[in-house]
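Keep the sequence and the model open while reading.

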Amino acid sequence: MGAFLAAGFAASPLLAACGTSSKSSSSGGKSGTQTLTMGIASTPDTLDPGATGLALTLLITFAMFDPLVWWLPDSSGGKFYPGLAKSYTVSPDATTYTFKLRTDVTFHDGTKFDATAVKATYDHVVDPATKSKSGLGALGPYKETKIIDPTTVQIIFTEPNASFLHQQAAGNFGIASPTALQKYGATGFGNHPVGSGPFMFSKYVSGDRLTLVKNPAYKWGPEVLGTSGPAYLDELIFRIVADDNGRYNALQSGQVQIAMNLPANSISAASKSGKFQQLTVPSIGTPNGMPINVSKFPTDDPKVREAIMYAVDQEKLVKDVLFGVDTAAHTVLTAITPGYSKSSAALYSYNPDKANALLDEAGWTKGSDGVRTKNGKKLALNIILFSGAGFELPTQFVVSELAKVGFTATTTVQPFATAQGSFNAGEHNLGAFGYYGADPYLLNIWVNSNAIKAGFNWSHYANPEIDKLIAKANSTAADGARGALYEQVSTKLMQDAVYLPLWDVNGAFTMAKKVQGIKTTLNGYILFNGAKLS
Amino acid sequence: MGFVLRRLSASLPVLLGITVVAFLLIHLMPGDPAKVILFGSNAGPDQISALRQQLGLNEPLWRQYFHFLDQLAHGNLGTSYLTQNSVAHELVSRTPSTLVLTATALLVAIVVGVPLGLIAGVRPNSLVDRLARGFSFLGVAIPYFFLALVLVLLFSVRLQLLPAIDDGTPQALIIPAVSLGWGYSAILTRLIRGRIIEEYRSDYVRSARARGCPEWRVLLRHTLRNSSIPAITTIGLQFGNILTGAAITEVIFGRAGLGSFLATSITNKNIPVVQGAVVLIGIGYVLINLVVDLIVGAVDPRTRLTPAIS
């Protein structure tokens with residue numbers, strides 16, 4: 001599961017950046033019909049990108065909706081590409097975004113696309129009746145959408161909101177047909193999604209399958225996705241198979257051509273068989289790792305925290321425990337997240353000698369049992385995890401690494417809600433965390449000093465300087481200056497050793513070899529615009 | 001008719017009990033249900049109290065229960081937390097899939113188990129009997145989910161003859177129904193075999209033969225009929241197990257039935273769905289047992305006087 005804490009909405013399996021699979025198979029019959037079926041693990045909550053709380057839904061709705069501006073990978077990392085907007089400008093204080101719109105776009109229901117649609121979409125997300133689970137939070141301090149003329153629209157915020165461009169490309173803000181929004185209403189739209197994307201909604205059998213069909217009129221996609229015109233696939237089917245083995249079996253039997261988020265051992269078996277290809281989509285946000293509580297003994301001592309950072313070998317963790325499917329993490333943001341700081345990731349490398357030296361320096365002496373003590377107290381860590389996020393085995397690995405340099409630890413696994421209470425109360429030395437988000441402003445959610453007693457600051461880290469730096473970064477529209485500010489934030493967080501990064505959860509798509517042309521977004525989704533079966 | 005009414009009224013307390021359990025589910029979760037449901041959404045105190053209000057959690061427990069019953073009686077099972085759609089509607093749309101699977105599994109159990117038990121019972125210690133006993137031993141010993149995986153690996157992955165997951169075709173039913181029905185056919189085989197051995201040597205069978213009754217009639221009309229009562233009762237009692245098995249089988253084969261719906265809803269803390277499914281499955285179980293009692297009554301009129309307790 002991608003990151004288990006979703007932007008603005010943390011329920012765990014929700015905004016998993018990574019996991020669906022689908023595709024259909026055998027129907028590529030006489031007429032040359034191309035049907036791709038992808039096996040996905042869970043049921044979408046809605047098909048309305050503005051309302052959803054699930055990354056899975058966004059993965060699906062990316063096929064049906066276009067954003068104003070795409071944010072896609074290129075050789076230099078990431079780049080914005082025109083979507084339904086031909087161009088955009090941002091006010092220097094990052095409060096007003098002006099978009100010039102395309103004039104040749106038609107929604108699936110025949111409605112012409114213009115500024116009205118943009119306003120209807122954003123107003124729909126903030127409408128309380130929509131009960132938006134992740135879009136509302138991602139939108140931030142939204143004030144209004146102003147129609148300047150039919151091809152010019154402004155999205156205005158009450159405060160600076162430099163994260164908006166990344167957020168609008170992250171899936172929640174695919175532009176919806178205003179006619180359909182009107183016709184089906186704020187919640188009904190989720191059962192009747194109408195966008196302008198390369199695929200149109202055809203049929204959804206609850207809990208079973210979702211069928212999308214090609215939009216033959218499509219001609220406004222980014223060329224970089226393989227084609228700007230209609231999709232090559234005639235049908236795109238998302239088949240819900242909750243059981244991991246079931247998805248793998250269906251892939252092997254040819255009933256699905258893509259299986260999403262197989263467990264690591266199946267992925268490993270699939271690649272050894274040589275019959276499949278593996279598409280790995282990096283996740284965006286904060287990698288899975290352990291918040292280190294700076295207010296509880298013994299991790300209140302910076303030297304002890306630094307020793308923890310040096311004692312754990314993330315590469316070995318990924319190789320031995322996670323079957324090499326995920327990527328080792330070394331800083332507070334994953335490598336594809338804007339604002340990722342390479343220098344902060346280089347601050348600590350695996351070095352048990354250094355860890356030992358730091359603990360010696362801090363006055364902890366090793367006893368005959370290998371456990372360090374100081375003033376009669378053991379170097380003991382209280383580790384609290386919550387169930388269902390895949391932390392159990394990696395934590396055992398971490399504990400064994402820490403034991404080598406003289407720590408002892410007790411690990412408790414609690415249900416999610418209970419664990420959050422424990423974390424807010426500060427009962428842990430090490431916790432479990434990970435957060436999905438398209439913009440580095442997500443750091444504010446888990447390092448802001450106002451999020452300790454209620455919120456996600458499970459490191460109990462209170463640093464007014466950092467709070468100010470993050471606020472400043474989010475009111476800086478210029479990308480370079482903003483990046484530099486987040487670089488400072490990441491570096492300080494790593495220097496203070498408040499978070500032990502462990503692994504980036506990759507989206508895993510195991511695919512039949514005949515699947516070609518799948519592209520990825522920079523926020524962990526896959527796009528079917530140019531997909532075909534060879 | 002009196003028998004039917006008696007059986008129906010005996011089911012009422014069971015049904016009420018089911019509704020109590022379903023109702024209490026929300027209170028069995030540790031902590032404040034509203035907080036548990038909202039966890040992760042950064043809900044403020046206002047939202048929590050609004051949800052408590054909406055769920056009626058501020059009312060006394062007995063009043064909440066009567067409200068729950070009232071809604072239930074009107075077919076209103078609430079809305080799914082996940083999709084905001086009507087729970088009753090979603091449950092109804094998934095019921096046929098489960099009915100088809102369980103009915104096919106039962107059919108497999110009967111078609112395999114009854115003849116096998118019959119032949120084995122008629123010729124105890126013959127080769128057929130020894131095979132049948134081996135079969136029922138394995139059938140009881142091998143869990144259906146394991147059998148399902150083995151069958152899929154063999155017939156779907158290796159031989160590519162049958163679908164690995166449900167694709168709406170009748171073929172897609174074969175592996176799930178066989179893996180689910182296999183264990184029950186083994187139980188039936190054993191039960192029927194035992195009874196046939198006993199009945200086939202009894203006095204009324206001898207007198208039937210003495211009257212010149214053809215052997216097939218002796219076997220089917222007299223012996224099997226008298227031997228089948230415990231088997232029929234067992235089918236009713238085992239129906240709950242079949243439903244449990246269906247839940248796991250549905251998950252494995254990606255079937256959108258009641259069982260997989262219940263399983264995923266438990267994971268998602270989707271309480272209204274869990275409550276609705278528990279009530280619906282409970283009612284189904286009670287109904288099946290009622291039908292079984294009626295069948296037993298029809299097959300063996302003696303039981304109509306002293307209703308079987310199930």
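Is Glu59(B) buried, partly exposed or exposed? Glu59(B) counts as partly exposed because its relative accessibility is 36%. Buried means under 20% relative accessible area, exposed over 50%, and partly exposed in between, with a 1.4 Å probe and protein chains only.

## Basis of the values

This is a predicted model, where local features need pLDDT of at least 70, side-chain atom pairs count only at pLDDT 80 or more, and totals for chains, interfaces and linings use all residues. Residues are numbered from 1 along each chain as its sequence is written, chains are lettered from A and ligands numbered from 1 in the order in which they are written, and side-chain values use heavy atoms, without hydrogens and water.

## Salt bridges

Over all chains, the count is 22 salt bridges. A salt bridge here is a side-chain nitrogen of Lys or Arg within 4 Å of a carboxyl oxygen of Asp or Glu. Glu59(B) pairs with Arg63(B) in this way, with the closest N and O atoms 3.3 Å apart. Arg63(B) is partly exposed because its relative accessibility is 43%.

In chain A, Arg482(A) forms a salt bridge with Asp439(A); their closest N and O atoms are 3.6 Å apart. The pair links distant parts of the chain, 43 residues apart. Arg482(A) sits in helix H16 (residues 479-495), and Asp439(A) in the loop between E20 and helix H14 (443-447). Helices (H or I, at least four residues) and strands (E, at least two) are DSSP runs, numbered from the N terminus. Arg482(A) is buried, at 6% relative accessibility. Asp439(A) is buried too, at 1%.

Arg206(B) bridges to Asp203(B), with the closest N and O atoms 3.3 Å apart. Both lie in helix H9 (residues 203-210) of chain B, three residues apart, about one turn of the helix. Arg206(B) and Asp203(B) are both exposed.

## Sheet in chain A

Four strands of chain A form an open sheet in the order E14-E21-E13-E20, with antiparallel pairing. Strands E14 (327-328) and E20 (433-436) are the edges, each pairing on one side only. Two strands pair if DSSP finds at least two bridges between them. E14(A) is joined to E21 (residues 499-504) by two bridges, and these strands run antiparallel. Ala328(A) has Trp503(A) in E21(A) as its bridge partner.
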